[in-house]
Amino acid sequence: MHPENALRRRLLIAGAAGLAAATALPGTARAGAQAPDAVEPDIDSTTAWGARSPRGTISVLQYRPSKLVIHHTVSANTADFSRAQAHSHAHWVQNLHMDKNGWVDTGYHFLVSRGGWITEGRHGSLQALTGGRNFVLGAHTSGQNNTAVGIACEGAYHDGAVPPTAQWDVLVTLCAYACVRYGVPSAQIYGHKDYGDTLCPGVYHDMLPRLREEVAAARTA
């Protein structure tokens with residue numbers, strides 16, 4: 001693993017366990033201003049990865065979400081764990097959602113790459129999450145888009161495919177931060193298949209009990 005990724009992962013994991021100080025290195029992780037026990041992960045904004053402009057208005061809902069919904073993107077299980085690949089994947093998802101699905105923008109709020117890099121999906125999601133008072137209307141789960149933050153993991157996790165450790169570790173950190181910022185109980189983390197006839201998020205669905213447990217631990221450490 002690249003030394004930069006290894007250092008970043010160690011800082012994220014330490015912070016999620018309550019060990020990272022507010023003086024964490026810039027560009028890695030830092031304590032949230034209003035929730036010092038929740039590590040704010042490094043999230044590349046739509047500007048940072050060069051997203052296309054939305055095709056219409058992005059609706060901002062003036063209340064907090066009540067749950068998180070986990071997805072996988074059914075993209076290639078690449079061995080490229082670089083930040084550049086995370087950005088390429090974000091472009092791939094946005095193009096798919098806008099050009100094939102005909103949506104205004106990426107449907108997910110956030111994407112977690114196989115290398116552990118987080119990118120903002122739908123425009124405005126990062127600003128809303130940081131503020132913790134409202135959130136953007138998504139397009140990821142039928143019937144839940146006005147109540148749930150959608151987080152998608154790069155890769156296809158059917159047929160026993162195993163998520164990389166880097167992806168899992170950062171997913172835990174992102175979920176813990178989102179739960180704290182929005183006041184969402186750790187038990188309110190679900191998978192896409194909980195709400196529809198789909199195999200998404202693959203093996204991640206079987207791992208949801210572990211995810212809820214690790215998110216709860218990260219919040220209370």
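Which residues lie nearest the centre of the largest pocket? They are His72, Thr73, His97, Tyr108 and His192, out of 16 residues that line this pocket. The structure is a predicted model, so local features need pLDDT of at least 70 and side-chain atom pairs count only at pLDDT 80 or more, while totals for chains, interfaces and linings use all residues. Residues are numbered from 1 along each chain as its sequence is written, and side-chain values use heavy atoms, with hydrogens and water left out.

Back to the pocket. On a 1 Å grid over the protein atoms alone, a pocket is an open set of points with protein on both sides within 12 Å along at least five of seven lines, whereas a cavity is a set of points where a 1.4 Å probe fits but cannot get out; lining residues have an atom within 4 Å of a point. The largest pocket has a volume of about 190 Å³, where volume is the space filled by probe spheres set on the points, and points are joined across faces, edges and corners. Strand E5 (67-72) and helix H2 (83-100) are the elements that give two or more residues to the lining, and H2 gives the most, with four. Helices (H or I, at least four residues) and strands (E, at least two) are DSSP runs numbered from the N terminus. By class, this lining has eight nonpolar, eight polar and no charged residues. Here Ala, Val, Leu, Ile, Met, Phe, Trp, Tyr, Cys and Pro count as nonpolar, Asp, Glu, Lys and Arg as charged, and the others, Gly among them, as polar.

His97 sits in helix H2. It counts as buried because its relative accessibility is 6%; buried means under 20% relative accessible area, exposed over 50%, and partly exposed in between (1.4 Å probe, protein chains only). Not counting residues up to four places away in sequence, His97 touches Gly102, Trp103, Asp105, Thr106, Gly107 and Tyr108, contact being heavy atoms within 4.5 Å.

Next comes the sheet. Six strands form an open, mixed sheet in the order E3-E7-E6-E9-E5-E10, with E3 (43-44) and E10 (189-191) as the edge strands, each pairing on one side only. Two strands pair if DSSP finds at least two bridges between them. E9 (residues 148-153) pairs with E5 in the parallel sense over six bridges, and Ile151 in E9 is the bridge partner of Ile70. Three bridges join E9 to E6 (residues 110-112), also in parallel, while E6 and E7 (residues 118-120) run antiparallel, joined by three bridges. Six of the six residues in E9 are buried: Ala148, Gly150 and Ala152 on one side, and Val149, Ile151 and Cys153 on the other.

The count comes to two cavities of 30 Å³ or more.

Finally, Tyr63 lies in the loop between E4 (60-61) and E5. Tyr63 counts as partly exposed because its relative accessibility is 37%. Leaving aside neighbours within four places in sequence, Tyr63 is in contact with Arg133, Asn134, Phe135 and Asn146. A polar atom of the Tyr63 side chain lies 2.8 Å from the backbone oxygen of Asn146.

How values were computed
A polar contact is a pair of N or O atoms within 3.5 Å; within protein, one must be able to donate a hydrogen and the other to accept it, and residues adjacent in sequence count only if both atoms are side-chain atoms.
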